[in-house]
Amino acid sequence: MREVAIVGAAETRFGKSELSYRELAVEAARGALEDAGAEPGQVEALFLGSYSPGTFVHQEHVAPLIASELGLSHIPSTRVENACASGATAFVSGMMAIAAGLYDVVLVVGAEKMTSTPVAETTRILAEAADWENESKVGLTFPGAFALMAQAYLHKYGYGREILDAVAIKNHANALANPYAQFHKAITAEDIANSPMVADPLTLYDCSPISDGAAAILLVAGDAARNFAKPAVRVLGFGQASDSLALYRRPDLTTLPAARQAAQRAYRMAGVSPRDISLAEVHDCFTIAEIIATEDLGFFEPGEGGEAARAGATSRDGQIPVNPSGGLKAKGHPVGATGVGQLVEATFQLRGEAGGRQIDGVELALTHNVGGSGATCVVTILGRAA
Ligand code: COA
């Protein structure tokens with residue numbers, strides 16, 4: 001396989017936006033090209049991660065739409081859908097195409113506009129990414145699914161909800177330094193205690209929000225990376241894995257086997273271990289998901305992720321900084337954009353361009369993007385070019 005590098009990265013601000021779906025995607029894509037000092041004419045293929053633009057904004061067939069808006073009319077363009085992991089799966093598609101030698105320059109975009117539909121309809125559209133016939137149809141929404149995981153985890157390991165509070169408080173604090181984040185609002189345990197219950201034990205502040213946004217990455221073959229403006233970031237490894245959509249088929253709700261498999265594949269390909277990772281952007285669609293992710297990724301043993309969160313081991317100056325961007329919880333979660341947004345943040349951190357949220361001495365950054373309640377997981381490991 002050929003080496004693959006990131007030479008351009010950009011994202012829109014996440015949150016409720018006045019911009020349309022296409023305007024968001026184009027803003028991010030143009031930003032990534034500009035960041036790399038690249039011309040649109042250099043792009044040989046486009047991969048676009050998007051979950052459900054047809055139902056959110058009545059627009060399907062979005063890959064050629066965005067390609068033509070960018071003036072890339074005759075290149076191959078492909079939409080990739082894997083629920084909330086659509087973005088990272090689009091990235092994997094682009095990476096594999098370069099690694100296989102098909103193209104030298106590929107644009108990867110993730111985009112979603114979720115705020116145009118009423119919240120009840122948005123919840124139903126999202127629930128279509130779970131097993132509709134067996135679970136969603138009879139009322140299991142994503143907040144409900146992750147609430148079951150939270151109950152199982154708290155019960156199994158004997159924790160109270162203070163471990164969930166720790167994740168929400170940390171990620172809201174981290175997002176204060178992120179100009180792309182949806183929320184710039186510090187919260188306290190008291191705010192959480194006084195907030196509405198969504199699905200017991202998950203309150204408003206345990207949930208990622210409903211968001212609009214887009215993110216883009218320009219990928220190139222490793223040996224072409226020196227021709228672009230910014231220092232290259234190398235894609236050292238990735239892993240992707242699948243699992244049942246239905247929760248009732250999972251023997252244990254306190255871990256995501258697809259995340260464990262994806263992580264092992266990514267570590268093996270990169271030739272590194274969890275202790276080598278400088279920071280991680282993980283898929284905290286609900287606070288419990290971040291705690292489970294830190295165990296599935298091997299940062300902590302099963303059952304220890306809760307105590308690690310409570311003790312500050314995942315804070316910006318902790319043993320392993322997790323979600324310095326604010327995560328899905330506070331940066332926002334425009335589902336198709338999220339996985340690409342994690343890679344944009346990891347790129348900024350590796351280039352030392354993360355401003356007030358910069359972590360010192362970042363050598364290796366890991367991203368973890370989950371589709372649904374763990375039916376898809378993509379883990380990526382990025383490093384600075386030598
Ligand atoms: N975290 C923190 N604050 C939030 C929030 C969240 N997740 N969602 C909304 N808010 C804030 C809003 O900014 C607003 O604040 P304001 O009154 O100061 O302006 C207030 O809470 C009410 O916002 P509203 O949009 O009316 O909330 P809602 O009740 O319609 O939606 C949820 C709240 C939790 C139901 C919604 O965010 C949700 O469904 N989240 C989960 C999304 C999801 O499942 N994604 C897929 C994951 S797999």
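**Note on the predicted model**

1. The secondary structure of the chain amounts to 13 helices and eleven strands; helices (H or I, at least four residues) and strands (E, at least two) are DSSP runs numbered from the N terminus. This is a predicted model, in which local features need pLDDT of at least 70 and side-chain atom pairs count only at pLDDT 80 or more, while totals for chains, interfaces and linings use all residues. Residues are numbered from 1 along each chain as its sequence is written, and side-chain values use heavy atoms, with hydrogens and water left out.

2. On overall dimensions, the chain has a radius of gyration of 19 Å, which agrees with the value near 21 Å that a compact globule of 386 residues would have. This radius is taken over C-alpha atoms, and the globule rule is 2.2 Å times the number of residues to the power 0.38. Along the principal axes, the C-alpha atoms fill a box of roughly 55 × 45 × 35 Å.

3. Buried means under 20% relative accessible area, exposed means over 50%, and partly exposed lies in between (1.4 Å probe, protein chains only). Contact means heavy atoms within 4.5 Å. Among contacts between residues at least 6 apart in sequence, 78% join residues at least 24 apart.

4. The chain is divided into domain 1 (4–118 + 210–233) and domain 2 (130–207 + 234–384), with bounds that come from an automatic or database domain assignment. The C-alpha centres of the two domains lie 23 Å apart. Across the boundary, 46 residues of domain 1 are in contact with 37 residues of domain 2.

5. The largest pocket has a volume of about 520 Å³. Of the 27 residues that line this pocket, the closest to its centre are Cys207, Ser208, Pro209, Ile210 and Phe286. A pocket here is an open set of points on a 1 Å grid over the protein atoms alone, where a 1.4 Å probe fits, with protein on both sides within 12 Å along at least five of seven lines; lining residues have an atom within 4 Å of a point. Grid points are joined across faces, edges and corners, and the volume is the space filled by probe spheres set on the points.

6. Which domains contribute to the lining of the largest pocket? Domain 1 and domain 2 each provide at least three residues of the lining. Helix H5 (119–127) and helix H6 (142–157) each supply at least two residues, and the largest share, four residues, comes from H5. By class, the lining has 18 nonpolar, seven polar and two charged residues. In this scheme Ala, Val, Leu, Ile, Met, Phe, Trp, Tyr, Cys and Pro count as nonpolar, Asp, Glu, Lys and Arg as charged, and the others, Gly among them, as polar.

7. Helix H7 (residues 162–175) holds Ala173, and Asp165 lies in helix H7 as well. Asp165 is buried, with a relative accessible area of 12%, whereas Ala173 counts as partly exposed at 38% relative accessibility. Beyond its neighbours within four places in sequence, Asp165 is in contact with Ala189 and Ile192. From C-alpha to C-alpha, Asp165 and Ala309 are 9.2 Å apart in space and 144 residues apart in sequence. For Ala173 and Leu46, the corresponding values are 35 Å and 127 residues.

8. The peptide bond from Asp200 to Pro201 is cis, with omega near 10°, and Pro201 lies in the loop between strand E5 (197–199) and strand E6 (202–203). Ala83, in the loop between strand E3 (77–80) and helix H4 (86–99), has a positive phi near 55° and is buried at 8% relative accessibility. Asn323 also has a positive phi, of about 60°, although it is not a glycine. The loop that holds Asn323 runs between helix H11 (305–311) and helix H12 (327–331), and this residue counts as buried at 0% relative accessibility.

9. Finally, where does Thr338 lie? Thr338 is in helix H13 (residues 335–350) and counts as buried at 3% relative accessibility. Setting aside neighbours within four places in sequence, Thr338 is in contact with His283, Leu328, Gly332, His333 and Asn369.
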